[in-house]
Amino acid sequence: MLSRRRRAYHLRRVMLAAGTWMKLRKRRRCQTTSAESSRPDTAKPGDATSSKTSEYLANDDVEDVLEGAPSDDEDELPGPRGPVRSRRTQRQAAGGAVVAQGRPEAEPKSKPEGAEAAESSGPRPRKIIFLKSVFEGRPPVVLFSYTAACCAEQRPMDRAVPADEDGPRMFYSHTDSIHQYNAVINILRQGGLFRVRAETNRWTVLWSLHPTPEQLRRFTPVQRANHFPGSFHLGRKDLIWRNIARLQHKFGREYQITPQGYILPKAFMAWDAARLRQPDALWIWKPCSQSCGRGIMVLSSDMPKDALRDLSKKRGIVQRYVPNPLLIGGRKFDMRIYVLVLSYDPLKIYIFEEGLVRFATEPYSESVDTLSSRMMHLTNYSVNKSSPAFIQNQDGQGEDTGDAAVDKNGIPVASKWSLNELRMHFRREGLNFGEMWEGIKDLLIKTLIAVDEPLQGEWCKTLGCEDADAGWASRGPGGAHRGSCFELYGFDVLVDKSLKPWLLEVNICPSLSSGSPLDKRIKTKLVADVLTLVGVHPPTSLWKLSPDSVNWPTAGTGKEPCMDENEFAQGCSLSTEEMARRAKKLAACESPIEALAQLDEAAWEMVIESHEEDMRSGGFERCFPCPNAGKYTHYWPEESYCNMVLRRWHEAGGGDIFQSDIQKLLPPWVPRQVSFTKT
């Protein structure tokens, strides 16, 4: 009994000591933050592009935060969960007394000399910046500007309007189920959002793994998640090959966008026969669900029987090794292309202008004696970073303006380039980068069309929809709709000597780490442009406090802005039967202009939303829908109504319609475009 008491007493002392240490650590951290914030600003003049909003680009969060940063729940006042409340500052009563709720007036305490100066130099509060709509009467979205630490040139801020500091807060949730990247956390904080736990359901942006059925069914119309349910159909190497092979079997050579593959062990006999037919071919074996080059092997057709026997029992995929890859300085390279999908119905694909070019660190050779050299045949950063020949790219200060980084022998002086450096290298070597880029966009569109059918099934299953034919029209009990999710993909693309792009794999959780100045600039800008393009809608009670955030309709037009953010963000709510009926009506139109005359208010809302996304796309380029979208319609079993609406609109001229004489013929519910500045 005595020993138990002693152990309990010792345990209490340890816990008290740990608690005291944590309090001292927290106090020291606050003092450090206050001291750093009191330093004079060393920013160069002219860094901010707009004097109107430069003071609102917070500098307190521009440095990288530590991995595993605590939740911003610490900043929240304790209180019951519920709707977001206003945090208006309490006003001082006459005579300087402070009015506290439920308490009598108290005399203000005298502060020591210099206390006011110390308080004024403390950490600056986070501020939300609105991006005005280009149309009359439409509410703004949150603008996520670039941090100063990433050294990227700031996007145009002509339509930026600061939010009222006394308005309600906005929140995001970053769960522990996914790696926490500095680029993501810093941009969300830079945008003025505060962190809460996912179970509170107070957040507007959820950054996590795939939303669970319970989470998705609680979604409100304005909430956004960074993954579609079931996108592993795109990320798993066996499933993406199965989806592409299904359309490749149907459409033949026009769908040959990835090397021929065989899923083992089931298709081992088929691969063994192909291996014997092509004795000089090389093959590459990959695990189905690994990343960072783990487990990948390069094989020859002439393999020992023991190795074949072992391979026939392993689960994975074996594909034809792409022959004759394009080399730079004798080294193999591939491209990490960042692709954002805003929705699958309508299919809206954006491609980022700045990706990464990753080099192998050893000179390339197709000799069978070199097949075990991973740093020759694999371009993964995680594989080559440990090589003595790996050179970090330090040219991350601002946009790339010089020539491609090669030495006098044409060998890359850095093991990683930006796409802009690759463009300049192609120009110098007389290669057609534009032709290759168009081929890459064609590859992206066909890949995403191939996974549309299984993702529809996963969407219905996650929402618990009883109607299996509802597809993307299924809605959640709380308001989840086809636009509730978005996803950023990392497409790994290899180019051969004929400049034909080949899809290697798709990463549904691409790395956003900032291991070098180049990575930091590209990935921080990428995350900011993703969140701005997605369109995070602030609560009405917040943007109404800033009248300048809306282009109010001119007197006498009778157009009033939508005041309910849930109603504004709910997306197309037509039934499956109604959309099928309208699709037949649109398909019967002989010309795009005739089709535009058939669009009703819901269809025009889709068009306007798509045009607004184009106008805030930043470093993203719209890949689909496009003016030539008609050549992809036969890849779907049946073109959906939403896809048909946007295709017809682009065929009629797209965004140019709002600037031409045709605008006078538009229905009265279509708002007038008053701003033509893209940001």
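Me: Are tyrosine 344 and tryptophan 472 buried or exposed?

Reply: Buried means under 20% relative accessible area, exposed means over 50%, and partly exposed lies in between, with a 1.4 Å probe and protein chains only. Tyrosine 344 is buried, and tryptophan 472 is buried too. This is a predicted model, in which local features need pLDDT of at least 70 and side-chain atom pairs count only at pLDDT 80 or more, while totals for chains, interfaces and linings use all residues. Residues are numbered from 1 along each chain as its sequence is written, and side-chain values use heavy atoms, with hydrogens and water left out.

Me: How many aromatic pairs does the whole structure have?

Reply: Rings of Phe, Tyr and Trp (its six-membered ring) pair if their centres lie within 6.5 Å; planes under 30 degrees apart count as stacked, over 60 as edge-to-face and the rest as tilted. The search finds 26 aromatic pairs. In one of them, the ring centres of phenylalanine 333 and phenylalanine 359 are 5.8 Å apart and the planes stand at 45 degrees, so this pair is tilted. Phenylalanine 333 is in strand 13 (residues 331-344) and phenylalanine 359 in strand 15 (residues 356-359), 26 residues apart. Helices (H or I, at least four residues) and strands (E, at least two) are DSSP runs, numbered from the N terminus. Both phenylalanine 333 and phenylalanine 359 are buried.

Me: What are the ring distance and plane angle for tyrosine 344 and tryptophan 472?

Reply: Their centres are 5.6 Å apart and their planes are at 5 degrees, so the pair is stacked. Tyrosine 344 belongs to strand 13, whereas tryptophan 472 is in the loop between helix 13 and strand 17 (487-495), 128 residues apart.

Me: Which residues does aspartate 452 touch?

Reply: Contact means heavy atoms within 4.5 Å. Leaving out residues up to four places away in sequence, aspartate 452 touches Tyr344, Trp472 and Trp636. Aspartate 452 is placed in helix 13 (residues 452-463) and, at 7% relative accessibility, counts as buried.

Me: How many salt bridges does the structure hold?

Reply: Side chains of opposite charge can pair when their charged atoms come close. A salt bridge is a side-chain nitrogen of Lys or Arg within 4 Å of a carboxyl oxygen of Asp or Glu. The structure holds 31 salt bridges. One of them joins glutamate 453 and arginine 246, at 3.7 Å from N to O. Glutamate 453 is in helix 13 and arginine 246 in helix 6 (residues 237-251), so the pair ties together parts 207 residues apart in sequence. Arginine 246 counts as partly exposed, at 36% relative accessibility.

Me: Which residue forms a salt bridge with arginine 336?

Reply: Aspartate 492 does, with the closest N and O atoms 2.6 Å apart. Arginine 336 lies in strand 13 and aspartate 492 in strand 17, so the pair ties together parts 156 residues apart in sequence. Both arginine 336 and aspartate 492 are buried.

Me: What is the strand order in the open sheet of 3 strands?

Reply: Strands of a sheet pair through backbone hydrogen bonds, either parallel or antiparallel. Two strands pair if DSSP finds at least two bridges between them. Here the order is 2-1-3, with antiparallel pairing. Strand 2 (141-142) and strand 3 (160-162) are at the edges, each with a single partner strand, so one side of each has no neighbour in the sheet.
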